[in-house]
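User: I would like to learn how to read the features of a protein model one at a time. Please give the general idea where there is one, then the case at hand.

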Amino acid sequence: MKTVTVLGATGSVGGSTLDLIERAPDQFEVLALTANCDVARLAEAAKRTRAKCAVVADESCYPALKDALAGTDTEAAAGAAAVCDAARMGAEWTMGAIVGCAGLKPVMAAAEGGRTVALANKEALVSAGNVMLHAVRESGATLLPVDSEHNAIFQCLDFARPERIARILLTASGGPFRDTPLEAMAAITPEQAVAHPNWSMGAKISVDSATMMNKGLELIEAFHLFPVAPSQLEVLVHRQSVVHSMVEYVDGSTLAQLGTADMRTPIAHALAWPDRMPTPGARLDLAAVGRLDFAAPDPVRFPALALARQALEAGGARPAILNAANEVAVAAFLARRVSFLEIAAIVADTLVRYDPSDPETLDAVLAIDAEARRIAEERVKDCVA
Ligand code: NAD
Ligand code: MG
């Protein structure tokens with residue numbers, strides 16, 4: 001029996017993780033499940049998995065959670081600190097699937113426990129980069145990438161010979177607007193932006209895929225996870241989402257991982273690693289797919305990609321500011337306060353307006369995140385005015 005905790009259990013990745021765990025009840029024991037405020041889904045999942053505890057980050061949801069869990073053995077708790085306490089319960093395997101920098105403290109709490117952390121929550125690693133990697137090294141934790149591209153790279157990468165890696169090729173679907181006429185992009189609605197052609201995901205990452213900021217965040221994520229320089233990381237638009245990423249070696253060999261667009265495959269890889277486990281879902285039928293297309297990304301259509309590349313190359317606090325401003329801008333877009341094209345403009349302006357020094361502690365990262373959010377929010381108000 002492996003003890004597991006799922007941070008962000010009510011989301012898209014959290015739900016796929018629970019689906020796998022529930023199919024193998026004799027192999028996994030659930031310690032904690034957490035969510036922001038989706039009490040009904042959290043309580044249902046806690047009952048089905050007989051979780052030891054269920055936590056909502058939003059304290060106002062506590063009475064409802066306590067009611068929903070009455071008569072069960074699952075303990076209810078609430079508040080951001082309680083989410084971190086859940087991450088510290090000592091699970092052998094923790095899924096970090098909270099969306100945004102809100103997941104940073106809980107993921108750090110889990111990493112400090114020195115066990116295995118399966119990371120979907122890319123914003124945490126983008127913001128805290130070196131601070132998180134330092135905590136992982138200090139505690140001896142194992143960090144396993146769940147993001148499909150990074151999981152693909154992890155499967156193809158020869159970690160024993162980093163000097164033999166030539167390039168990492170991150171594939172990107174290009175999102176729903178890869179073929180939209182440029183003049184039509186200003187009028188894109190939240191409904192259009194969250195309707196991803198290949199993957200079913202939470203709203204925030206779906207908008208990030210539409211702007212390609214998602215791939216920008218993934219460039220930074222890859223830099224932290226793998227032993228390569230920024231110049232060795234490239235993005236390739238691949239509309240079928242069959243090749244999940246590739247590693248090219250100095251001898252000209254390029255290794256790829258392929259599969260259907262189902263997050264249960266990379267999640268299962270992290271859940272069973274270094275073993276493998278069966279997953280449900282369709283198998284890849286390459287004859288039915290027929291063709292695979294690849295193209296360089298369009299820098300005019302996707303300015304977010306260049307912003308992320310610059311933040312990666314500059315390092316220091318830039319990735320944390322990029323991420324915080326993007327979270328604010330995406331939330332404002334989803335609330336119909338700003339237009340689709342203003343997302344990248346808000347991020348760019350926030351990066352111009354704020355340039356603090358390199359954060360060396362978690363508190364310093366969180367302070368930069370908070371200040372960048374404040375500045376980005378001011379910029380959103382300018383758009384609205
Ligand atoms: P989602 O919106 O579906 O779920 C987010 C989860 O986080 C929910 O359980 C929610 O309750 C919780 N949450 C939100 N705000 C919180 C807060 N302030 N405090 C505590 N918990 C909070 O998101 P998702 O699509 O599952 O994505 C989760 C993470 O995984 C993101 O970082 C995303 O970039 C990454 N990711 C997702 C996919 C995918 O296919 N969905 C693929 C790769 C990476
Ligand atoms: Mg991805």
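User: Which residues does the UniProt annotation "domain: 1-deoxy-D-xylulose 5-phosphate reductoisomerase N-terminal" cover?

Analyst: That annotation, from an unreviewed UniProt entry, covers residues 4–129. The model is predicted. Over residues 4–129 the chain is 43% helix and 22% strand, with end C-alpha atoms 24 Å apart. For residues 143–226 the figures are 43% helix and 13% strand, and the end C-alpha atoms lie 11 Å apart.

User: How should I read a sheet, and what is the order of the open sheet of seven strands?

Analyst: Strands of a sheet pair through backbone hydrogen bonds, either parallel or antiparallel. Here the seven strands follow the order 4-3-2-1-5-6-7, and the pairing is parallel. Strand 4 (75–78) and strand 7 (142–145) each have a single partner strand, so one side of each is left without a neighbour in the sheet. On average, neighbouring strands of this sheet are turned by 20° against each other, direction ignored.

User: Over how many bridges do strand 1 and strand 2 pair?

Analyst: Strand 1 (residues 2–7) and strand 2 (residues 28–35) pair over six bridges, in the parallel sense.

User: Which strands does helix 1 lie across?

Analyst: Helix 1 lies across strand 1, strand 2 and strand 5 (93–96), and runs at about 160° to strand 1.

User: What is the order of the open sheet of four strands?

Analyst: The order is 9-8-10-11, with mixed pairing. Its edge strands are strand 9 (233–237) and strand 11 (254–258), each pairing on one side only. The parallel part includes strand 8 (residues 165–172) and strand 9, which pair over five bridges. Within that pair, threonine 171 stands opposite leucine 236 in strand 9. Helix 10 (residues 213–225) packs on the sheet and touches strand 8 and strand 9, its direction making about 150° with that of strand 8.

User: Do strand 8 and strand 10 run parallel or antiparallel?

Analyst: Strand 8 and strand 10 (residues 243–249) run antiparallel and are joined by four bridges. The bridge partner of isoleucine 168 in strand 10 is valine 247. Strand 10 also pairs with strand 11 in the antiparallel sense, over five bridges. There, valine 243 stands opposite leucine 258 in strand 11. Strand 10 and strand 11 form a hairpin with four residues between them, and glycine 252 in the turn has a positive phi of about 95°.

User: How should I read backbone angles, and which residues does a cis peptide bond join?

Analyst: Most residues other than glycine have a negative phi, and most peptide bonds are trans. In this model, a cis peptide bond joins tryptophan 273 and proline 274, with omega about 5°. Proline 274 lies in the loop between helix 11 (264–272) and helix 12 (286–289). Arginine 50 has a positive phi, near 50°. The place of arginine 50 is the loop between helix 2 (39–49) and strand 3 (53–56).

User: What does the domain assignment of the protein chain give?

Analyst: It gives domain 1 (2–145) and domain 2 (150–262 + 282–384). The C-alpha centres of domain 1 and domain 2 lie 24 Å apart. Across the boundary, 16 residues of domain 1 are in contact with 23 residues of domain 2. Helix 6 gives the most to the side of domain 1 that touches domain 2, with nine residues. That side divides into nine nonpolar, five polar and two charged residues.

User: Why does ligand 1 lie between domain 1 and domain 2?

Analyst: Both domains give residues to the shell around ligand 1, so the ligand lies between them. Of the 27 residues around ligand 1, those that come nearest are Gly11, Ala102, Ala120, Met201 and Gly202. The elements giving two or more residues to this shell are helix 1 (12–22), helix 6 (122–139) and helix 9 (203–211). Helix 1 gives the most, with three residues. By class, the shell has 14 nonpolar, eight polar and five charged residues.

Methods:
Residues are numbered from 1 along each chain as its sequence is written. Chains are lettered from A and ligands numbered from 1 in the order in which they are written. This is a predicted model: local features need pLDDT of at least 70, side-chain atom pairs count only at pLDDT 80 or more; totals for chains, interfaces and linings use all residues. A residue is near a molecule or strand if its C-beta atom, placed from the backbone, lies within 6 Å of it. Ala, Val, Leu, Ile, Met, Phe, Trp, Tyr, Cys and Pro count as nonpolar, Asp, Glu, Lys and Arg as charged, and the others, Gly among them, as polar. Domain bounds come from an automatic or database domain assignment. Two residues are in contact if their C-beta atoms, placed from the backbone, lie within 7 Å. Two strands pair if DSSP finds at least two bridges between them. Axes are lines fitted to C-alpha atoms, for helices over the stretch in contact, and angles run from 0 to 180 degrees between N-to-C directions. UniProt positions are given in the numbering used here, feature names are shortened, and annotations may be inferred rather than shown by experiment.
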